[in-house]
Amino acid sequence: MSPEHWPQLFPADVRRRLEQFALVDPAGPVDRFDDPRALDRLAEVEVLISGWGCPAVDRLFLEAAPKLRAVLHAAGSVKGHLSREVWERGIVVSSAAAANAVPVAEFALGAILMAGKGAFDLRERYRRERTFELGYIHPDIGNNGRTVGLIGASRIGRMVLDLLRPFGFRVQVYDPYAGDLDVPTVDLGTLLRTSDIVSVHAPLTTETQHLLGRSELALLRDGATLINTARGQLIDTDALTAELISGRITAVLDVTEPEPLPSASPLFELPNAFVTPHIAGSHGNELARLGLCVADELARLVAGEPLRFGIGIADLDRAA
């Protein structure tokens, strides 16, 4: 992994837990497998702990690490660095994606609640007018009975669904592969036409690339809010920018295509675009949750128990 992530992923207490179950290389992490520190040790490595910045774990690596039993990933998706040969050789794989999902779902919940209160639009009005009328009733805002549409019943989508339960929302979901849910499932067009707030939680696949294009975005009702904490490529940026320039909808975007946005992008200046720099996932003190997830998986591995967050090769194509 990138060395700068190590201290926050594995602070002293989490590091001590790791060391209860394995000999941890005291030299710390490497971000190149041709690093002499790595080359000297690969032949004896039984467990690889990976994270953001991990180079490819491919055939050449596997030949240099014949004793490798497991890869425990202290981040989300493993698609970027694990080759299929890992599974073909019987190596077990685990990911801290479930732990990383927690702050994303929390961010989405906060954005949904703020959107329902009209906070993004009213903040801009307050900044523009520098005054407001105390006690004025805004008839079009409020979360009671608001319809929220979730695109994708992914791990994060289901977590958001659970977080929404204490509130007075009407929730509906679009996901053709969701199976049975205890909330209404609808087609994409119906969800876009009938939701006040739409939050995107689908994985990025060839099928979902630009899932929301010009024709889909046009279905959003006037005054709707679109929230994206998933992948920027799920939404056609040009089509979304055109809708936002029209002033018809509001967007909360933690991810974009491209990322980062060009410095001249209108999304930085539009009052109805609330853009954040990909912060919904784990940051700061949230990173230790990922390290603890890995330490817990290591404990299960040593005890001969099934991994709680194991990933099979069939999961690769569905992973967010």
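These are my notebook entries on a few spots I looked up in this predicted model.

**Ground rules**

I count residues from 1 along each chain as its sequence is written. Because this is a predicted model, local features need pLDDT of at least 70 and side-chain atom pairs count only at pLDDT 80 or more, while totals for chains, interfaces and linings use all residues, and side-chain values use heavy atoms, with hydrogens and water left out.

**Entry 1: helix H11**

I started with H11, which covers residues 237-246. Helices here are DSSP runs of H or I with at least four residues, strands are runs of E with at least two, and both are numbered from the N terminus. Which residues of H11 are buried? I found Thr 237, Ala 239, Leu 240, Thr 241, Glu 243 and Leu 244; buried means under 20% relative accessible area, exposed over 50%, and partly exposed in between, with a 1.4 Å probe and protein chains only. I then looked up what these buried residues pack against: helix H10 (214-217) and the strands S7 (225-228), S8 (250-253) and S9 (273-275).

At the start of the helix, a side-chain oxygen of Asp 236 comes to within 3.0 Å of the backbone nitrogen of Asp 238. Just after H11, I noted a positive phi of about 80° at Gly 247.

**Entry 2: the nonpolar cores**

Next I looked for nonpolar cores, meaning sets of buried Ala, Val, Leu, Ile, Met, Phe, Trp, Tyr and Cys residues joined through side-chain atoms within 4.5 Å. The largest has 27 residues, and Leu 240 and Leu 244 are among those with the most contacts inside it, as is Ile 151. Two or more residues come from each of helix H9 (188-194), S6, H11 and S8. Another core, of 21 residues, lies apart from it and includes Ala 111, Val 148, Leu 150 and Ile 197.

**Entry 3: two loop residues**

I checked Thr 208 in the loop between strand S6 (197-200) and H10. Is Thr 208 buried or exposed? Its relative accessibility is 11%, so Thr 208 counts as buried. Its side chain reaches the backbone nitrogen of Thr 205 at 2.8 Å. Beyond its neighbours within four places in sequence, Thr 208 is in contact (heavy atoms within 4.5 Å) with Pro 203, Gln 233 and Leu 234.

Asp 58 sits in the loop between strand S1 (47-50) and helix H4 (59-64). Asp 58 counts as partly exposed because its relative accessibility is 29%. Setting aside neighbours within four places in sequence, I found Asp 58 in contact with Ser 83 and Glu 85. Asp 58 and Ser 83 are 25 residues apart in sequence, yet 5.3 Å apart in space, C-alpha to C-alpha.

**Entry 4: an aromatic pair**

My search of the whole structure gave 5 aromatic pairs. Rings of Phe, Tyr and Trp (its six-membered ring) pair if their centres lie within 6.5 Å; planes under 30 degrees apart count as stacked, over 60 as edge-to-face and the rest as tilted. Why is the pair of Phe 33 and Phe 61 tilted? The ring centres are 4.4 Å apart and the planes are at 40°, so the pair counts as tilted. Phe 33 is in the loop between helix H2 (12-19) and helix H3 (36-39), whereas Phe 61 is in helix H4, 28 residues apart.

How values were computed
A polar contact is a pair of N or O atoms within 3.5 Å; within protein, one must be able to donate a hydrogen and the other to accept it, and residues adjacent in sequence count only if both atoms are side-chain atoms.
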